[in-house]
Amino acid sequence: MSQRPSVYLSFFLTSILLIWACRSVPITGRKQLNFIGSDELLQTSFSQYEEVLENSSLSSDMEQVNKVRTVGNRIKNAVEQYMKDAGLEKELEGYAWEFNLIESDQVNAWCMPGGKVAFYTGIMPICQDEEGIAVVMGHEVAHAIAEHGAERMSQQLLQQAGAVTLAVAMHDKPAETQALWMAAYGVGTQVGAMLPFSRQHESEADHLGLIFMAMAGYDPNEAPEFWERMAAGGGGAPPEFLSTHPSHETRINNLKGWIPEAMKYYQPR
């Protein structure tokens with residue numbers, strides 16, 4: 001019997017899935033593939049976040065901890081207000097924002113779905129102050145709002161398992177899927193290294209993050225200065241065409257180009 005009918009059916013069903021799973025990123029309007037449901041996404045996110053915290057040492061430097069939480073809450077409030085004004089508040093249903101500072105030399109920060117943010121103490125000297133923290137916080141929150149991790153997971157699940165749900169993948173291949181999840185959100189990797197987010201995702205997070213920090217009353221002009229400090233202190237970066245990140249020079253130039261747009265949202269604290 002010819003296999004063509006089943007091939008055609010598979011192609012048809014996959015096409016329907018891809019159309020159904022398209023989502024637009026807030027502000028940029030970019031279309032993305034995302035077929036992971038919000039309920040299973042948040043459930044997995046919260047459990048993975050708790051596991052990371054349980055296996056980490058939280059910072060006891062309350063001055064630094066409070067700075068991270070202050071900036072995080074200001075950006076959270078600004079983003080929630082924007083999403084409400086844009087009629088997109090449903091996209092934040094189930095969010096349970098949390099901001100923690102983990103004791104580690106890693107120069108890194110990340111944000112899981114549902115607003116679960118972690119900074120590592122290794123990035124704090126480069127941040128220097130609340131403005132620098134806001135650059136990183138805006139960028140990481142942007143990854144969550146743009147659902148870059150879910151987009152990445154959707155792409156990987158589509159390649160590896162034929163678009164099964166996240167719950168099925170976690171049940172059938174828990175270790176592999178957990179590793180995929182942690183990689184998709186950059187947990188345990190260092191800023192400046194080969195992070196899993198594509199250059200497109202990184203640039204989009206820079207763009208949105210700049211706007212988010214401006215919405216929260218932080219000066220967008222601080223963003224290029226943060227990345228100049230990162231470039232100065234982060235050692236040699238691989239050539240741009242070999243890296244998932246934009247080069248420092250490209251990133252800084254892009255940020256400078258987006259500053260006029262971000263300034264439209266800026267109201268000093």
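Where α5 touches α9 (contact means heavy atoms within 4.5 Å), Glu131, Ala134, Val135, Gly138, His139, Val141, Ala142, His143 and Ile145 in α5 meet His201, Glu202, Ala205, Asp206, Leu208, Gly209, Phe212 and Met213 in α9. By class, this contact has nine nonpolar, five polar and three charged residues. This is a predicted model, in which local features need pLDDT of at least 70, side-chain atom pairs count only at pLDDT 80 or more, and totals for chains, interfaces and linings use all residues. Residues are numbered from 1 along each chain as its sequence is written, and side-chain values use heavy atoms, with hydrogens and water left out.

**Helix on helix**
- The axes of α5 (residues 130–145) and α9 (residues 199–215) come within 7 Å and cross at roughly 120°, with axes being lines fitted to C-alpha atoms, for helices over the stretch in contact, and angles running from 0 to 180 degrees between N-to-C directions.

**The sheet**
- Three strands make an open, mixed sheet in the order β3-β5-β4; strands pair if DSSP finds at least two bridges between them.
- β3 and β4 (109–112) are the edge strands, each pairing on one side only.
- β3 (residues 98–102) and β5 (residues 116–120) pair in the parallel sense over five bridges, and Leu101 has Phe119 in β5 as its bridge partner.
- Four of the five residues of β3 are buried, meaning under 20% relative accessible area (1.4 Å probe, protein chains only).

**Helices across the sheet**
- α5 lies across β3, β4 and β5, running at about 35° to β4.
- α3 (residues 62–85) lies across β3 and β5, at about 150° to β3.

Definitions and conventions
Buried means under 20% relative accessible area, exposed over 50%, partly exposed in between (1.4 Å probe, protein chains only). Helices (H or I, at least four residues) and strands (E, at least two) are DSSP runs, numbered from the N terminus. Ala, Val, Leu, Ile, Met, Phe, Trp, Tyr, Cys and Pro count as nonpolar, Asp, Glu, Lys and Arg as charged, and the others, Gly among them, as polar.
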